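Me: I would like to go through some strand pairing and side-chain contacts here. Please show the sequence and structure.

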Amino acid sequence: MSEELVMPRLSDTMEEGTIGRWLVREGDSFSEGDVLAEIETDKATMEFQAYDAGTVLRILVGDGESAALGAPIAIGGDQGEQVDGAAPADPVAEEAAEDEAPPVTSEQPVEAAAAPPAPPAPRPASNGSATGAALRVSPIARRMADDAGIDLSGMAGRGSGPEGRIVKADVERLIAGGGAPKASPAAPAGQPEPAQGDEVRELTPMLKAVAARMAQSKATVPHFYVESEIDMTRALELRAELNGGLAASGGKISVNDLIVRACALALLEHPQAHRSFVDGRHVYHAHANVGIAVALDDGLIVPVVVSADTKSVREISSETRDLAGRAREGNLKQREIEGGTFTVSNMGMFDVANFEAIINPPESAILAVGATVPRPVVADGDITIRQIMRVTLSCDHRACSGADGAKLLQTVKRLLQSPSLLLV
């Protein structure tokens with residue numbers, strides 16, 4: 001008996017998901033636990049696993065299309081079972097059916113594709129198009145459009161197939177008419193229209209989430225900032241010594257690993273600065289789950305080193321490298337990007353002197369790390385060159401006071417300037 005496969009909740013803040021790609025085709029059988037699709041959420045690309053065995057009878061939301069949480073994305077059932085109102089679950093049969101559509105000639109106006117019979121009420125799915133309709137495209141139509149270099153975004157909900165789906169005949173009409181103009185969403189009131197030659201791109205789920213959370217944080221969280229300069233000379237010497245000893249095993253310690261370890265120890269020493277403001281109450285955290293901001297080609301993600309206070313510098317290094325690598329590949333698991341109590345955002349490698357980072361609620365603080373540079377300083381009455389790193393701690397004033405934040409930063413500084421303390 002057929003049943004709908006719906007968009008699952010893969011993130012605690014997820015409202016919709018985007019099908020990155022289906023790993024099965026219509027007509028394919030699957031077993032319980034098989035990965036059916038990769039779904040892009042507001043945080044990462046996650047695997048959609050089958051809860052039971054069956055056959056893919058119909059794919060309702062194609063690659064690159066979005067659907068609301070709980071909306072149907074496919075229909076599963078028994079092999080050979082028919083889906084009411086739909087063609088047999090066979091991609092070859094579907095393409096053959098489209099081949100039987102009336103031939104299209106150059107005399108047929110392109111507008112014919114833009115005026116199909118009124119489709120039924122739209123399903124709760126959207127690809128963020130200007131019309132708000134979902135972009136539904138049959139596999140053969142999508143391939144034809146890609147081969148012809150035609151952008152179908154302006155045709156969302158206007159195809160001649162069921163529910164406004166774009167089919168082969170629609171693309172043939174567009175090809176005969178010279179293609180489809182690229183859709184440009186109307187600019188919000190008070191903002192200029194995109195200039196000629198500008199490219200308008202919809203936000204990915206991750207970028208939407210980042211934009212929403214950062215705007216909410218700056219609007220609702222009372223930030224204050226504490227800055228300091230840390231002499232990293234001894235820390236860099238310790239790092240060089242450790243890496244020399246680890247060279248044979250392939251291990252490598254980064255400056256950021258030392259910073260994460262120092263922050264984790266300092267957070268446990270200062271519980272007043274390691275608590276979250278949640279629903280009018282303070283939540284004190286038993287362990288320091290330190291998030292590490294990882295820049296992606298198009299966005300930002302923060303995997304979490306859980307209980308970093310209990311892990312050695314070498315363990316933090318190994319875990320951080322693994323998390324960052326899989327973050328860039330889009331292979332993080334949901335549990336690896338949740339539960340952070342503090343974040344380190346390091347832009348020193350980009351030659352940034354210093355900056356102020358935005359807190360990621362419900363965390364109450366984030367450390368922004370700048371570049372380490374040689375500078376002349378006065379030490380014991382003499383001028384000497386030391387390796388200086390500038391840092392800025394952003395704090396939620398509802399969770400910790402200015403003194404709490406200052407004490408936390410003092411301890412981080414003390415640990416990094418006496419780095420052997422990070423090894424005990």
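Me: What is the strand order of the open sheet of 4 strands?
Reply: The model is predicted; local features need pLDDT of at least 70, side-chain atom pairs count only at pLDDT 80 or more, and totals for chains, interfaces and linings use all residues. Residues are numbered from 1 along each chain as its sequence is written, and side-chain values use heavy atoms, without hydrogens and water. Strands are DSSP runs of E of at least two residues, helices runs of H or I of at least four, numbered from the N terminus, and two strands pair if DSSP finds at least two bridges between them. With antiparallel pairing, the order of the open sheet is β5-β4-β2-β7.

Me: Why is one side of β5 and of β7 left without a neighbour in the sheet?
Reply: β5 (45-49) and β7 (66-68) lack a neighbour on one side because each stands at an edge, with a single partner strand.
The reason asked for is the edge position of β5 and β7, each with a single partner strand.

Me: Is N256 buried or exposed?
Reply: N256 belongs to helix α6 (residues 255-269). Buried means under 20% relative accessible area, exposed over 50%, partly exposed in between (1.4 Å probe, protein chains only). At a relative accessible area of 13%, N256 is buried.
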